[in-house]
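Please look through the notes below alongside the model. They are grouped by topic.

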Amino acid sequence: MNAPTPRYVEVLLPLALAQSYTYAIPDHLLGKVNFGIRVEVALNRKLYAGLAVNFHDAISEDIKPKPIISVIDNRPIILEYQYTFWKWIAKYYCCTLGEVMNVALPSGLKLNSETKVVASHLLEERLVDLRDDEGMVADAIYNNQELGIDDIRTILNKKTVYPIIKSLLDKELIFIREELKQKYKAKKADFICLSDFHKTEDPDLNQAFELTKRSEKQTKALLAYASLSPHYEWISKQSIQKKAITDSSVINALIKKGILVKEQRQVSRIENYTGNAQTLKPLSEAQQEALAAIKTSFENHRTTLLFGVTGSGKTRLYMELMQETLDRGEQVLFLIPEIALTTQLVQRLQAIFGSDIGVYHSRLNQAKRVELYQSAMEGQSIFVGARSSIFLPFKQLGLIIIDEEHDASYKQSEPSPRYQGRDTALYLSKLFNAKVILGSATPSLESYQNAIEDKYGLVMLHERFGEASLPHIEIIDLRKKYKQGLMKAMFSDELLAAIRSALNKKEQVLLFQNRRGYSPTIQCTLCNWNAECPNCDVSLTTHKYFQQINCHYCGYHTKIPKQCPQCGNTHLVELGFGTEKIADELKSILPNAVIKRMDYDTAKTKAQYEDIIYDFEQGATDILVGTQMITKGLDFDNVALVGILLADKILFFPDFRANERAFQLFTQVAGRAGRRAKKGKVLIQTFNPEHDVIQETLGMKYGQYYERELKEREMFLYPPKVRLCKVTIKHKDFKRTEAVANEFAKKLRAQLGNRIIGPAVPGISRIRGKYIQQIMVKMEKDWSKIQHIKYVLKQTKQYIKALKNMSTVQIIIDVDP
């Protein structure tokens with residue numbers, strides 16, 4: 001006996017709602033609503049596309065569910081494991097399932113819900129024939145030309161207006177301008193084939209060429225088709241035009257003569273690799289030993305930390321493991337921290353693995369993201385991408401590679417869920433029992449601690465690949481240089497001499513400063529006025545190229561002032577320096593050198609980034625000045641010198657991870673030097689040459705750095721000794737922000753005691769017009785206690801939000817900040 005068909009379904013909506021909603025399945029949709037299918041539903045007078053997730057044969061009599069309006073998909077767009085994955089993320093990161101859904105699905109699979117009705121050309125002459133509600137609606141639409149559904153409800157003072165709208169639609173008096181519809185549309189292109197007559201009666205095309213003999217262009221186009229047709233029956237129109245060097249009108253003429261026929265077909269937006277296939281180069285002895293160690297580690301650990309110095313050939317080991325995974329018929333996810341890193345990496349991978357590589361990240365257009373999402377569900381073998389790639393619907397995931405696993409970019413900041421891509425990928429691996437490789441030259445303290453405690457396997461690569469050796473590092477004491485008058489702008493005499501020496505040898509230079517723009521602030525020399533953002537408590541950064549001062553937090557910008565707005569003084573000075581000023585000063589000192597910048601201002605798009613990288617790879621650029629974009633995973637043959645212009649800004653950032661970030665940045669940027677046969681050189685300019693991190697970087701004392709930093713974290717109870725949660729309260733009114741923060745902390749202390757730190761005002765106390773207060777919660781590494789603490793945090797948030805006049809107060813819970 002067959003089980004009864006469920007009559008009710010829980011629908012998940014892409015909204016920050018604390019629950020899913022139950023809807024009734026109408027008789028005509030029974031059997032069509034399955035798990036993971038999108039359905040059209042109404043909520044609070046709006047239409048949404050939600051996911052069918054749970055089914056019920058019966059529900060409580062107290063619930064009066066609305067019916068599903070329509071079914072959108074023929075097959076599920078998420079798999080069962082994804083729903084399990086989403087629920088874990090929502091629970092762990094203290095957010096709602098709807099927020100996870102909103103981030104996990106490409107926008108192209110989410111739907112617009114604003115429906116507008118517009119008058120047709122028939123409406124005016126038919127107005128007199130309409131009566132009652134239809135007449136009122138038609139008259140309003142005619143007078144306004146366009147109305148929303150809510151407008152029509154207001155006019156009629158009725159909730160149910162769809163029957164009236166449908167009646168007017170059936171009479172062709174109105175039409176829908178923008179219905180609930182998918183943003184994604186399949187890409188289509190014209191394809192060409194021989195007509196049936198010429199296929200059967202004229203296979204040698206003698207008659208066809210007879211018809212085109214008076215037109216050289218048509219003959220060339222037909223020859224182009226003939227040369228391509230042995231490979232494919234249907235040839236894209238664009239391919240024929242390209243080969244024949246002709247235009248669309250020539251192809252259309254051949255169609256008109258009955259020689260060719262045209263048909264529109266769906267095509268992929270995913271580009272194919274057209275280069276020559278390469279074979280994997282032999283592993284070095286050290287790499288062979290590391291690969292064997294990884295395989296041994298995988299016997300006892302699902303996750304292995306590959307701790308390899310910069311230039312040791314970690315990517316080569318990844319490729320070996322990828323090939324073995326593909327040979328087993330499983331998929332590979334290759335995570336990278338920055339979208340910018342995809343270009344060089346994908347070129348290397350495609351040379352080995354061909355076109356079966358999907359590159360997935362947030363800057364792709366939505367249509368392409370949808371196609372990649374669907375290709376993952378269909379079993380595409382390899383995906384390279386940033387943290388959002390973990391949400392792809394894999395069929396059989398066998399290996400996850402997390403390169404530069406230490407990088408802070410794996411952590412999502414806005415919007416919720418504020419997940420850590422690395423940690424979330426580890427849970428994803430559990431669902432498939434997939435293996436995980438964490439790769440880094442400077443592992444995070446959390447990963448290193450887990451490896452020491454044998455929670456992860458640990459494999460070390462101590463030497464660079466081939467003839468390359470680790471660079472020579474020198475420290476330049478800026479206190480002495482300024483005292484001796486040996487500085488020119490922001491360059492010491494030693495750094496300038498080293499730059500000139502490298503250029504004379506036709507070698508390249510990388511210069512690092514983790515601040516973009518020209519200078520971080522403008523100041524009046526008379527009254528000490530500073531240019532500050534009206535919306536944020538920060539100085540405005542000068543951008544000379546755009547002739548603007550900009551806020552890097554809210555986007556506010558205005559023209560560079562010519563005089564002080566307070567005292568009228570025209571002598572304004574630019575304090576400090578960013579990448580733009582460094583490049584400008586260098587151009588005046590070294591006028592014959594080709595100098596370029598790589599920061600967010602010059603590499604906003606993929607094309608801009610690729611142009612900068614290509615020019616540097618080809619030797620067209622002598623000196624590349626950049627922010628941390630130049631520190632991550634890039635591999636250049638001819639870089640002889642790396643200069644860090646001011647190390648101190650990074651060292652003294654007010655954050656318990658400042659030393660860790662500084663050590664990672666210094667080591668990573670130093671690792672760009674001397675990656676081939678020539679030994680590279682790294683110069684670090686600093687006012688604090690005795691600082692522990694500077695000295696540890698100088699001697700590449702990884703063990704000493706980790707031991708010291710872990711002791712400090714343990715002493716002051718910071719990760720990895722404990723786990724953290726940060727509660728951020730934001731509001732436009734300072735007093736309300738302060739009052740809510742104090743009340744929140746008071747409630748937490750009553751239940752959690754001395755685990756609570758704060759509330760406190762952060763370093764930047766106002767952003768985008770909202771004042772900020774923060775509370776830090778320290779949690780023991782005990783799963784049951786962590787769950788209890790998160791429960792208390794969520795309950796306290798609900799309590800505060802339910803109070804009078806608190807709806808506009810923003811409360812953010814950030815797990816593992």
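Where does proline 762 lie?

1. Proline 762 is found in the loop between strand 35 (756–760) and strand 36 (766–767); helices (H or I, at least four residues) and strands (E, at least two) are DSSP runs, numbered from the N terminus. The model is predicted, so to speak of local features pLDDT of at least 70 is needed, side-chain atom pairs count only at pLDDT 80 or more, and totals for chains, interfaces and linings use all residues. Residues are numbered from 1 along each chain as its sequence is written, and side-chain values use heavy atoms, with hydrogens and water left out.

2. Proline 762 has a relative accessible area of 17% and is therefore buried (buried is under 20% relative accessible area, exposed over 50%, partly exposed in between; 1.4 Å probe, protein chains only). Leaving aside residues up to four places away in sequence, proline 762 touches Ile772, Gln773 and Gln774, where contact means heavy atoms within 4.5 Å. Glutamate 463 is 299 residues from proline 762 in sequence and 42 Å from proline 762 in space, C-alpha to C-alpha.

3. The largest nonpolar core has 76 residues, and Trp86, Phe391 and Leu428 have the most contacts inside it. Such a core is a set of buried Ala, Val, Leu, Ile, Met, Phe, Trp, Tyr and Cys residues joined through side-chain atoms within 4.5 Å. Helix 1 (residues 80–92) supplies the largest share of this core, 8 residues. A second, separate core has 38 residues, including Phe616, Leu651, Val682 and Ile684. Not counting residues up to four places away in sequence, leucine 428 touches Tyr81, Phe85, Leu333, Ile390, Phe394, Leu397 and Ile400.

4. An open sheet is formed by 5 strands in the order 2-1-4-3-5, with antiparallel pairing; two strands pair if DSSP finds at least two bridges between them. Strand 2 (21–24) and strand 5 (70–71) are at the edges with a single partner strand each, so one side of each has no neighbour in the sheet. Strand 3 (residues 38–43) and strand 4 (residues 46–56) run antiparallel and are joined by 6 bridges, and arginine 38 stands opposite leucine 51 in strand 4.

5. In strand 24 (residues 508–512), 5 of 5 residues are buried. Gln508, Leu510 and Phe512 lie on one side, Val509 and Leu511 on the other, and both faces are covered. Strand 24 runs parallel to strand 32 (residues 639–644), with 5 bridges, and pairs in the parallel sense with strand 31 (residues 623–626) over 4 bridges. Valine 509 stands opposite leucine 641 in strand 32 and opposite isoleucine 623 in strand 31.

6. The whole structure has 0 disulfides (a disulfide is a pair of cysteine sulfur atoms within 2.5 Å). The sulfur of cysteine 527 has its closest cysteine sulfur in cysteine 564, at 3.5 Å, which is too far for a bond. Cysteine 527 counts as partly exposed at 30% relative accessibility, whereas cysteine 193 counts as buried at 1%.

7. There are 23 aromatic pairs. Rings of Phe, Tyr and Trp (its six-membered ring) pair if their centres lie within 6.5 Å; planes under 30 degrees apart count as stacked, over 60 as edge-to-face and the rest as tilted. Phenylalanine 307 and tyrosine 706 form an edge-to-face pair, 6.0 Å centre to centre with 80 degrees between the planes. Both of these residues are buried.
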